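Hi,

Here is the structure I promised to pass on.

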Amino acid sequence: MTAFVFNEPNFDDHEQVVFVSEPKSGLKAIIAVHNTQLGPAMGGCRMWNYVNEGAAINDVLRLSRGMTYKNAVAGLPIGGGKSVIIGNPKADKTPALFEALGVALERLGGRYVTAEDVGTSPADMAAVARKTRYVAGLGDRGDPSPFTALGCFVGAEAAVKFHLNRDSMEGLVVAVQGLGHVGYDYARRLHAAGARLIVADIDQAAVERARTELGAQVVSVDDIYDAQADIYAPCALGATLNPATLPRIKARIIAGAANNQLATPEIGDQLRMKEVLYVPDFVINAGGIIKVCYEYLNKPEADVEAHVRQIGGTLTEIFEHAARQGLSTSVVADRVAEARFKRAT
Ligand code: NAD
């Protein structure tokens, strides 16, 4: 028989992995608590039609570990966890399914706090909340995406200062890939700061809006990699920094919201050797989790923006450290996170 948790490539001494099956609602879910040294594990609940259970296990292990790193670098008093529901989010959702997840979270007694993610919505989280209080981001205090966009903007400013020695975005060209909840708001901030935009999205309405409202130049989804830009801002998909795109990217800075931008860890080093400053994704895109965490812990909403703005200073330290040590920024970001959650141990 195949061992399928401890041998998974993404298993990283996770504290707890819980398999949930609730026949009445049809719930099949996996909850992974990666690390709780800094506080209860927090991270979203993804619903996805996984090809098989192995794919779901791998995803939840990878994503929960990523949350530990993201939350630690963001300076939040929470650990990392994630949950996945195996099913088609377009066809299989019922309130009972999410209530059953709520019951499972209640049994964990607060070791893991969920929130919305790919395939789930604030309405689904409201159903979870009928059975447990261990759920965040219910939408009553608003969408976290503008805070993710703010974090990206201050992160890009820090990168421009460090790598181009410039105090402003004025006149810089930014290639924005994906104009969704985060990408559009980030683009709007860049435009307001004097940057020129080149944009691409599979959604024609989104690119038209960027053309008319932000004066953006529109290119095809494939041509965005060749854009003559100072900054490439991936705000759609993961793994867009890969062996096929690397030779095409002209930008000197990569600063975008997408998760898991590096197809493999080695790409981080290849970017460094090309003298491209890679702004680690899980550091620059933490604005949303900061907002959700404040909401969950009932911390003052007025303080969220100041916390998100600290992403700029954190990144500058990472850039300086990476330059001093001759390391990639992604490796240094991992070390900063590990120093925080392992020190807590
Ligand atoms: P979204 O779904 O609102 O937007 C994604 C956009 O990308 C859509 O407009 C979509 O049409 C476009 N897109 C899809 N495929 C594309 C392609 N091949 N080329 C160009 N555009 C394409 O998502 P979002 O909430 O804006 O998140 C964007 C990214 O940032 C995701 O990777 C997400 O995981 C990450 N992220 C988001 C948040 C947040 O607060 N929303 C926080 C952290 C990380």
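**The ligand site**

Of the 21 residues around the ligand, those that come nearest are Thr 148, His 181, Val 182, Asp 201 and Asn 259. Please keep in mind that this is a predicted model.

By residue type, the shell around the ligand divides into ten nonpolar, eight polar and three charged residues.

Some backbone contacts may interest you. A polar backbone atom of Val 182 is 2.8 Å from an oxygen atom of the ligand. For Ala 236, a polar backbone atom is 3.1 Å from a ligand oxygen, and a backbone N or O atom of Gly 180 lies 3.5 Å from an oxygen atom of the ligand. As for burial, the ligand taken alone exposes 840 Å², and the protein buries 73% of that. Two elements give two or more residues to the shell around the ligand: helix 4 (145–164) and helix 5 (181–192).

**The cysteines**

How many disulfides does a search of the whole structure find? The search finds zero. A disulfide would need two cysteine sulfur atoms within 2.5 Å. For Cys 45, the closest cysteine sulfur is in Cys 293, 18 Å away, so the two are too far apart for a bond. Cys 235 has its closest cysteine sulfur in Cys 152, and at 5.7 Å that is also too far for a bond.

Are these two cysteines buried or exposed? Cys 45 is buried, with a relative accessible area of 0%, and Cys 235 is buried too, with a relative accessible area of 13%.

Best wishes

Technical notes
Residues are numbered from 1 along each chain as its sequence is written. This is a predicted model: local features need pLDDT of at least 70, side-chain atom pairs count only at pLDDT 80 or more; totals for chains, interfaces and linings use all residues. Side-chain values use heavy atoms; hydrogens and water are left out. Buried means under 20% relative accessible area, exposed over 50%, partly exposed in between (1.4 Å probe, protein chains only). A residue is near a molecule or strand if one of its heavy atoms lies within 4 Å of it. A polar contact is a pair of N or O atoms within 3.5 Å; within protein, one must be able to donate a hydrogen and the other to accept it, and residues adjacent in sequence count only if both atoms are side-chain atoms. Accessible areas come from the Shrake-Rupley method with a 1.4 Å probe; for residues, only the protein chains shown count as cover. Helices (H or I, at least four residues) and strands (E, at least two) are DSSP runs, numbered from the N terminus. Ala, Val, Leu, Ile, Met, Phe, Trp, Tyr, Cys and Pro count as nonpolar, Asp, Glu, Lys and Arg as charged, and the others, Gly among them, as polar.
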